Amino acid sequence: MKFSAEKLNKVKEIMARYPEGKHKSALIPVLHIAQEENGGWLSTEAMDHVAEVMNILPIEVYEVATFYTMFNLKPVGKYVFEVCRTGPCMLNGSDGIIDYIKEKLSIREGETTLDGMFTLKPAECLGACGYAPMMQLGKHYREHLTKEKVDAIIDECRRNAANNN
Amino acid sequence: MKLLLEHAHVEGIRYYDTYRKHGGYRSVEKAFKMTPEEIVEEVKKSGLRGRGGAGFPTGMKWSFLAKPEGVPRHLVCNADESEPGTFKDRYLMEFIPHLLIEGLIVSSFALGSSMTYIYIRGEYAWIVDILEQAITEAKNNGWLGKNILNSGFDCEIYVQRGGGAYICGEETALIESLEGKRGNPRIKPPFPAIQGVWMRPTVVNNVETLAAVVPIINNGGEAYASIGVGKSTGTKLLSVCGNVKKQGIYEIDMTQTVEEFIFSDEYCGGIANGKKLKACIPGGSSVPILPANLTLKTAKGEARYMNYESLADGGFATGSMMGSGGFIVLDEDQCVVRHTMTLARFYNHESCGQCSPCREGTGWMYKILKNIEYGKGKMSDIDLLWDIQRKIEGNTICPLGDAAAWPVAAAIRHFRDEFEWHVNNPDEAQNRNYGLAHYADPIHVPVSA
Ligand SMILES: Cc1cc2nc3c(=O)[nH]c(=O)nc-3n(C[C@H](O)[C@H](O)[C@H](O)COP(=O)(O)O)c2cc1C
Ligand code: SF4
Ligand code: FES
C-alpha cells in the first residue's frame with residue numbers, strides 16, 4: 001500500500017493541524033486513512049509507509065496501531081459487522097442478534113466467511129445504547145436491529161459487492 | 001426547561017443559516033465585548049459542573065489554567081463518549097453541531113486557546129464530517145479564523161478522530177492520544193492545567209459542558225444558576241437506555257424525582273412491555289447499580305431526585321451517582337450477574353494495562369463472573385470477587401480501576417442472592433431469562449466492607 005497523491009495531500013493537510021514539530025499527533029487519523037486504503041487492515045508494509053510519510057520511526061506506528069481497537073492487524077472481510085454486546089445492548093437482545101449472525105453466516109466471533117465477504121467482530125459499547133441492538137458497518141451505525149434487518153443488511157452487502165465487480 | 005435542546009427539533013438546525021436564525025452565535029457577539037476574565041467569572045457564577053462524569057466546577061477548573069508568558073494554551077473538547085449507557089454528546093454533535101462550535105469559540109476566547117481540538121471517539125466517523133462542515137460554515141461567516149469580530153483574537157478548531165479506546169476519555173490519556181501515542185494515562189501532578197498537550201497548559205472539557213457555556217453567556221451566570229437545585233445548577237442531558245418505553249435523550253432541570261422521570265409520559269414512559277422495574281444504573285456503567293426500592297427512594301425513605309446530591313444520597317452503601325448521565329434501566333426479567341459480567345468484560349478490554357491491580361484484577365473479575373453466570377461458580381467465588389474489587393479500588397494510576405470495581409461491588413452488595421442463586425442452580429443458570437424480582441425487597445443490609 002502506498003498513499004495516492006490525493007490521500008497524500010489529505011495526510012499533509014492533517015499534519016498541518018498541529019503546532020510546528022508536533023505533527024506526530026496526526027498518527028491516528030493517518031492510520032485510519034491507511035487502513036481504508038489497505039482493504040480494512042494494517043499490514044506491516046502499510047504501517048512502514050505511514051512511518052515514512054510522517055517521518056517517524058516504524059516502532060512508533062506499531063505501538064499505536066496495536067493499542068487501538070479500531071485498527072485491524074489481520075485481514076478482515078469486505079464487510080465487518082461490529083455488533084455491540086455490552087450491558088445496555090444486551091438488555092435489548094444483542095446476544096440474540098450475534099447468535100443469529102453466527103448461524104446465518106456459519107462463522108464464530110472474530111471469524112471471516114470463506115468467501116471473504118463478512119467478518120463478525122464483537123464490539124464493546126459504541127454509544128448507541130438507546131437504539132439497541134446495533135452494529136457498526138463501515139462508517140455508519142445500523143440500529144434497532146432485528147433478524148429481518150440483519151437479513152436485509154447481508155443482502156445489501158452482497159448486492160453492493162456484486163455491483164462493484 | 002430546555003437550554004441545549006430548545007431548538008433541537010427545528011428542521012435544518014444542523015446548518016448554519018437556520019441555527020443563526022434561531023439565535024445562534026449571539027453568545028460569541030456578547031463574549032467578544034467582555035474580557036476573558038469576565039467570561040470565566042460568569043461561568044463560575046453559573047455553578048456549571050463538568051458533564052463528563054466527575055462533576056468538577058468548570059469555572060474553577062478554568063481559573064486554574066496556568067498562563068506562563070509566551071507559552072500557547074489549548075482547549076480540548078472531550079468527545080470520546082465511551083461510557084456504556086452514554087450517548088448524549090453524540091446527539092448534540094449530530095443534531096446541533098453549531099451549539100458545540102459556538103461554545104468552543106467563546107470558551108477558546110476565555111481561555112486564550114487559538115488552536116482548539118475536538119477529540120472524538122473513532123467510531124463516530126460520520127459525526128466528524130458533520131462537525132467539520134459546521135466549522136467550515138462558522139469560518140465562512142467570520143466566527144473562526146483570524147481576527148474574529150475585529151477582536152485581534154485568532155482561533156481554529158480541529159477535529160481529531162480517536163482509534164477506539166474507552167480509556168482515551170480520561171483526560172490525560174486523551175492528551176497522550178492527541179499527541180499520537182498510546183492512550184496511557186499520565187501520573188498527576190502535573191495536572192493538564194499546568195502541563196497538558198505538548199506540555200502546554202490545557203483545559204479538557206466535555207461536549208455538553210462546553211455547549212452549556214452558550215446559554216450561560218447569553219442569559220448570564222446567575223440566570224443559569226437559578227435553574228436546578230442547590231449545587232446541581234442548570235440543565236443536564238440524560239441518555240436513557242435499557243428496558244423503558246421511551247429510550248433516548250432528555251434534558252432536565254434536575255428537579256424531577258426519579259420516579260417521575262422513569263414513569264411519567266413526559267420522560268421515559270415507564271417500563272417497557274408492562275414489566276416491573278428491577279434495577280437502575282443512573283449515571284453510566286461505572287456508577288453503582290441500585291435495586292428498584294433504592295432507585296426510587298433513599299435509605300431514609302425519602303423520594304430520590306434526579307440531581308447530583310440526591311442520586312448520591314447514602315454514599316455507595318445505598319446511593320449511586322449522576323456520573324455521565326447514562327441512565328440504564330433493568331426490568332424484572334434481566335439478570336444482574338450477566339449485566340455485570342458484560343461490564344467486567346468491557347473494563348477488562350479497555351484497561352490500558354499500566355497498573356497491575358487494574359490489568360490483572362479486571363481480568364480476574366471477568367473470568368469469575370463468567371464462571372458464575374454460566375453455572376460454573378462456587379460460593380467462595382462471590383467473596384473472592386468482593387475481595388478483588390476492593391484491592392483494585394484506590395490502587396491505580398487513573399480512575400478506570402475504580403470504575404471497574406464499583407459496578408461489581410454494588411451488584412454483590414444489592415444482589416448477592418442472585419449470585420448465590422447462580423451457584424446453587426448451575427443448570428438453570430445457563431438459561432437466560434430468569435430474573436429475580438427485587439422490586440418488593442426490603443432494603444438490603446450492605447455487605448460489611
Ligand atoms: C476511564 C475514564 C473515561 C472517561 N471518559 C470520558 C468521556 O468519554 N467523556 C468525557 O467528557 N469525560 C470522560 N472522562 C472524564 C475526563 O477525565 C474529564 O474529567 C472530563 O473530560 C472533564 O470534563 P468536564 O469537567 O467538562 O466534565 C473519563 C474519565 C475516566 C477516568
Ligand atoms: S487504572 Fe487501568 S486504565 Fe487506568 S492507568 Fe491503570 S491500568 Fe491503565
Ligand atoms: S451498550 Fe451497545 S452501544 Fe452502548
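**Exercise 1. A strand and its partners**

His74(B) stands opposite Thr202(B) in strand 4 of chain B. Starting from that pair in this predicted model, work out which strands flank strand 1 of chain B and how they run.

*Solution.* 

Step 1. Follow the pair between strand 1 and strand 4 of chain B. These two strands run parallel and are joined by 5 bridges.

Step 2. Look for the other partner. Strand 1 of chain B also pairs with strand 2 (residues 115-120) of chain B, in the parallel sense, over 4 bridges. Here Asn78(B) stands opposite Tyr119(B).

Step 3. Strand 2 and strand 3 of chain B pair in the parallel sense over 6 bridges. In strand 3, Glu156(B) is the bridge partner of Met115(B).

**Exercise 2. Buried or exposed?**

Decide whether the residues on the two faces of strand 1 of chain B are buried or exposed.

*Solution.* 

Step 1. Count along the strand. Strand 1 covers residues 74-79 of chain B, and 6 of its 6 residues are buried.

Step 2. One side carries His74(B), Val76(B) and Asn78(B). The other carries Leu75(B), Cys77(B) and Ala79(B).

Step 3. Conclude. Both faces are covered.

**Exercise 3. The sheet of chain A**

Find the strand order of the open sheet in chain A, its edges, and the helix that packs on strand 1 and strand 2.

*Solution.* 

Step 1. Read the order. The sheet has 4 strands in the order 2-1-3-4, with mixed pairing.

Step 2. Name the edges. Strand 2 (118-120) and strand 4 (140-142) of chain A each pair on one side only. The twist averages 30° from one strand to the next.

Step 3. Inspect one pairing. Strand 1 (residues 79-83) and strand 2 of chain A pair in the parallel sense over 3 bridges. Tyr79(A) has Phe118(A) as its bridge partner in strand 2.

**Exercise 4. Domains of chain B**

Divide chain B into domains, then describe how domain 1 meets domain 2.

*Solution.* 

Step 1. Domain 1 is 16-226, domain 2 is 232-331 and domain 3 is 336-429.

Step 2. The centres of domain 1 and domain 2 of chain B, taken over C-alpha atoms, are separated by 28 Å.

Step 3. Count the contact. Domain 1 brings 19 residues and domain 2 brings 20 residues.

Step 4. Trace the domain 1 side. Helix 5 (88-95), helix 9 (207-219) and helix 10 (221-225) of chain B each give two or more residues. This side divides into 7 nonpolar, 7 polar and 5 charged residues.

**Exercise 5. Where the chains meet**

How many residues does each chain bring to the contact, and which element of chain B supplies the largest share of its side?

*Solution.* 

Step 1. Count. Chain B brings 47 residues and chain A brings 35 residues.

Step 2. List elements. Those of chain B that supply at least two residues include helix 7 (125-140), strand 3 (156-161) and helix 15 (336-350).

Step 3. Pick the largest share. Helix 15 of chain B gives 7 residues.

Step 4. Sort by type. The side of chain B divides into 16 nonpolar, 21 polar and 10 charged residues.

**Exercise 6. Two ligands**

Describe the residues around ligand 1 and around ligand 2.

*Solution.* 

Step 1. Take ligand 1. It has 24 residues around it; among those that come nearest are Gly50(B), Gly169(B) and Asn206(B).

Step 2. Locate its shell. Strand 4 of chain B gives the largest share, 3 residues. Domain 1 and domain 3 of chain B each give at least three residues. The shell divides into 8 nonpolar, 10 polar and 6 charged residues.

Step 3. Take ligand 2. Of its 14 residues, Cys352(B), Cys355(B), Cys358(B), Thr396(B) and Cys398(B) come nearest.

Step 4. Locate this shell. Helix 16 (356-373) and helix 18 of chain B each supply at least two residues. The division is 8 nonpolar, 5 polar and 1 charged.

Note on methods
Residues are numbered from 1 along each chain as its sequence is written. Chains are lettered from A and ligands numbered from 1 in the order in which they are written. This is a predicted model: local features need pLDDT of at least 70, side-chain atom pairs count only at pLDDT 80 or more; totals for chains, interfaces and linings use all residues. Two residues are in contact if their C-beta atoms, placed from the backbone, lie within 7 Å. Ala, Val, Leu, Ile, Met, Phe, Trp, Tyr, Cys and Pro count as nonpolar, Asp, Glu, Lys and Arg as charged, and the others, Gly among them, as polar. A residue is near a molecule or strand if its C-beta atom, placed from the backbone, lies within 6 Å of it. Domain bounds come from an automatic or database domain assignment. A residue is buried if 20 or more other C-beta atoms lie within 10 Å of its own, exposed if 12 or fewer, and partly exposed in between; C-beta atoms are placed from the backbone. Two strands pair if DSSP finds at least two bridges between them. Axes are lines fitted to C-alpha atoms, for helices over the stretch in contact, and angles run from 0 to 180 degrees between N-to-C directions.
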